[in-house]
Amino acid sequence: MQAAIFVLVVLVFVAVSGALVRLVRVPLPVLQIAIGAALAWPVRGIHVEIDPELFLLVFIPPLLFSDAFGAPKRELMALRGPILDLAIGLVFFTIVGFGYALHWLVPSIPLVVAFALAAVLSPTDAVAVSSIVDRNVVPARLMHILEGESLLNDASGLVMFRFAVAAALTGSFSFAAASLSFVYAVAVGILVGVAALFVAAKALQLLNRIGGVPAEAQVLITILLPFVAYLGAEHFGASGILAAVTAGLLTGSTGIFRFLGVSARMQTISLWTTFSFVFNGALFIVLGLQLPEIIRKVPPELSSRHWLLEPVLTVLLLTLCLIALRFVWIWIGDITAGFAARLGKRQAEPFGLRVRLAGSVAGVRGAITLAGILSLPLALQDGSPFPARDLVIFLAAGVIICSLVIASLALPVIARGLVEPGEDAGAAEERMARVGAAKAAIAHLESIAQTDEEDGDVPGLKLAAANGIVAAYRRRIAASDEADEARAEVREAGRLEIDLRLAGIAAERDALRAMLRRGEINDHTARALFTEITLTEALLNGRQTRK
């Protein structure tokens, strides 16, 4: 009963935070962390013990799957160089640089434990960044790089974290074994993600062939997909996070949703949007719930001289160290990319100083860091306490909060003016897609109208209905807006109109899929238009059923 009440309380305050963020001038993640801390701070406040494995299983797969599914694949593929550079190269650079800096700053932390903390701090949280600053303020190229980095560095950071913890437990470390284990975790994680997506597609295809299956059953398969991918990869000792990300990245391009009915598609879109908001909010509230207990247990290593000043300064210095390491790595990568472009006789696209600084400050830490650091074992193999466990948990929580606060204060200032005023490229692309889809529908409807009348149809009625719909599509092209639904004057004309509209919608969908495959539009544009098409199709099917 207590667990159920706790879940309900968290959900209530996630909803409350969504309303409060309109009234207070603070980013949503910071507000949710403050709400969690306020709930836990009183003597009789809410206290919860987190099982890290359960925490990872419940929250991380659906969130990463949702983020990967919504990520613009065209842009991620075009920017794969800098994304992989940050997701893999920066992770190792952070582990080495931050690990030695932490051991020097706090000598009581063994070097291998410092490496473990550096590894778990290397994953970033782009969801928090998008909540802190408007996408229209940060350059689109930088935002896409941050999104792609956050999807992939979760896997690389946690894999290296496990190696560091294993080294701390056993007292030994093999670089060759760690390298092979890393390659295995990545390769098998990707394969399991692909396999889980294949199984889900076959299951949906089977339900589609059976017919009459409730839409809720189809939706349930899409909900289970990230969990199946995650658990399958973990079962084989691979990266469950990378498996869930792989399944999310490939879901849109594989066309798995064509096996879903109209109602199931609508429910899936709505459900995943709600899941993303609820799970992200719950994560930050749970993080806030941990803060009072962590603060009450300030490690003596940081409070020997000043109970409050020394811990705060330590956390601040470590956060600034992470930002500095990111800045150096981005700067080096930018210079290297420019040099490679000149060798290849290509035009270089260097980042300016402010963009590099914005990319460095935007590397905030979040849920993956919290879940990973709480999974530290309590004792070594000989039964002795795990060295500096409470200390590194305190530092990890402090860095999460500090990185969020610094980004909230500094990122809007740094990013102001980086995006040139003018028409949004996404809006222009969406308008182009609307026109292209409407033209495809017109061509298809005109070819249908020119065919012979079906048996039982009133002569000329199909042509008249088609002309009405074509006129509506032409108005959409002229205004780049949705067409108003023409009202049928007779029952038979209404039936033909619906049939022809559905045929036009099918042509629109095929044209949008072709544009997406050719890279003419990205996933954001395609998803917005597919949603509109699905809603229109559901409305027409409802009218057809009533007739």
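**Helix packing and buried residues in a predicted model**

Trainee: At what distance does the side chain of Lys 73 reach the backbone oxygen of Phe 69?
Mentor: A polar contact here is a pair of N or O atoms within 3.5 Å, where within protein one atom must be able to donate a hydrogen and the other to accept it, and where residues adjacent in sequence count only if both atoms are side-chain atoms. The side chain of Lys 73 has a polar atom 3.0 Å from the backbone oxygen of Ala 68, and the backbone oxygen of Phe 69 is reached at 2.4 Å.

Trainee: What pLDDT do side-chain atom pairs need in order to count?
Mentor: Residues are numbered from 1 along each chain as its sequence is written, and side-chain values use heavy atoms, with hydrogens and water left out. The model is predicted, so totals for chains, interfaces and linings use all residues, whereas local features need pLDDT of at least 70 and side-chain atom pairs count only at pLDDT 80 or more.

Trainee: How many helices and strands does the chain have?
Mentor: Helices (H or I, at least four residues) and strands (E, at least two) are DSSP runs, numbered from the N terminus. Counted in that way, the secondary structure of the chain comes to 20 helices and zero strands.

Trainee: What percentage of the residues in the chain is buried?
Mentor: Buried means under 20% relative accessible area, exposed means over 50%, and partly exposed lies in between, with a 1.4 Å probe and protein chains only. For the 547 residues in the chain, the buried part comes to 48%.

Trainee: Is Lys 73 buried or exposed?
Mentor: Lys 73 is placed in helix H4, which covers residues 73–78. Contact means heavy atoms within 4.5 Å, and beyond its neighbours within four places in sequence Lys 73 is in contact with Ala 68, Gly 248, Leu 249 and Asp 523. Because its relative accessibility is 18%, Lys 73 counts as buried.

Trainee: How far apart are the C-alpha atoms of Leu 64 and Gly 248?
Mentor: Leu 64 belongs to helix H3 (residues 52–70) and is buried, with a relative accessible area of 8%. Not counting residues up to four places away in sequence, Leu 64 touches Leu 151, Asp 154, Ile 241 and Val 245. Leu 64 and Gly 248 are 184 residues apart along the chain, while their C-alpha atoms are separated by 7.6 Å.

Trainee: Are helices H13 and H14 oblique or roughly parallel to each other?
Mentor: Axes are lines fitted to C-alpha atoms, for helices over the stretch in contact, and angles run from 0 to 180 degrees between N-to-C directions; the axes of H13 (residues 309–343) and H14 (residues 353–361) come within 8 Å and cross at roughly 135°. Angles under 35 degrees count as roughly parallel, over 145 as roughly antiparallel, 65 to 115 as roughly perpendicular and the rest as oblique. H13 and H14 are therefore oblique.

Trainee: How many charged residues does the contact of H13 with H14 have?
Mentor: The residues making the contact include Arg 326, Trp 331 and Asp 334 of H13 and Leu 353, Arg 356 and Val 361 of H14. Ala, Val, Leu, Ile, Met, Phe, Trp, Tyr, Cys and Pro count as nonpolar, Asp, Glu, Lys and Arg as charged, and the others, Gly among them, as polar. By class, the contact has seven nonpolar and two polar residues, and the number of charged residues is three.

Trainee: Near what value is phi of Ala 388?
Mentor: Ala 388 is found in the loop between H15 (367–374) and H16, and Ala 388 is buried, with a relative accessible area of 18%. Most residues other than glycine have a negative phi. Phi of Ala 388, a residue other than glycine, is positive and near 60°.

Trainee: Which backbone nitrogen does the side chain of Asn 522 reach at 2.9 Å?
Mentor: Asn 522 lies in the loop between H19 (491–518) and H20 (523–546), and at 8% relative accessibility Asn 522 counts as buried. The backbone nitrogen that its side chain reaches at 2.9 Å is that of Thr 525.
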